[in-house]
Amino acid sequence: MNLAEFPHWNQYMINAFYQYSKDRCVLPKLDKQQQQIVLYGPINSVYEVNQKYQFINTLIQEKTNLSSR
């Protein structure tokens with residue numbers, strides 16, 4: 001499964017996401033050619049990590065929208 005980059009993520013959030021992935025036996029690797037994160041691991045865990053990524057991105061976008069107002 002591929003993820004976009006980490007827009008507007010700070011280093012703490014990136015580290016926490018990687019730890020979350022590691023705890024679920026999922027390895028996020030950067031595909032430098034396509035500039036995407038590729039998740040490797042058990043399919044159920046990959047879906048769980050992807051959902052967490054989407055949730056965090058949604059929260060960040062809402063926070064960014066509130067800050068710009």
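Over the ring of which residue does the charged end of Lys52 sit? That ring belongs to Tyr20, and the charged end of Lys52 is 4.9 Å from its centre. A charge sits over a ring here if NZ of Lys or CZ of Arg is within 6 Å of the ring centre and within 35 degrees of the ring normal. Tyr20 also has the charged end of Arg24 over its ring, and the table puts the two side by side.

| Charged residue | Ring | Distance from ring centre |
|---|---|---|
| Arg24 | Tyr20 | 3.7 Å |
| Lys52 | Tyr20 | 4.9 Å |

A quick word on the ground rules. This is a predicted model, where local features need pLDDT of at least 70, side-chain atom pairs count only at pLDDT 80 or more, and totals for chains, interfaces and linings use all residues. Residues are numbered from 1 along each chain as its sequence is written, and side-chain values use heavy atoms, with hydrogens and water left out.

Now the aromatics. Searching the whole structure turns up two aromatic pairs. Phe17 and Tyr18 have ring centres 6.4 Å apart and planes at 85°, so this pair is edge-to-face. For Phe, Tyr and Trp (its six-membered ring), pairing needs centres within 6.5 Å; planes under 30 degrees apart are stacked, over 60 edge-to-face, and the rest tilted. Together with Tyr53, Phe17 and Tyr18 make up one aromatic cluster. Phe17 is buried at 2% relative accessible area, whereas Tyr18 is partly exposed at 32%. Those labels mean under 20% for buried, over 50% for exposed and in between for partly exposed (1.4 Å probe, protein chains only).

Ser21 is part of helix 1 (residues 11-23). Helices (H or I, at least four residues) and strands (E, at least two) are DSSP runs, numbered from the N terminus. Ser21 is buried, with 0% relative accessibility. Setting aside neighbours within four places in sequence, Ser21 touches Val26, Pro28 and Val49, where contact means heavy atoms within 4.5 Å. Val49 is in helix 2 and is buried there, as are residues including Tyr53 and Ile56.

Cys25 lies in the loop between helix 1 and strand 2. Cys25 is not a glycine, yet has a positive phi of about 60°, and it is exposed at 58% relative accessible area.

Further along, strand 2 (residues 27-31) and strand 3 (residues 36-40) run antiparallel, joined by five bridges; strands pair if DSSP finds at least two bridges between them. Leu27 stands opposite Tyr40 of strand 3. The hairpin has four residues between these strands, and Gln35 takes a positive phi near 55°.
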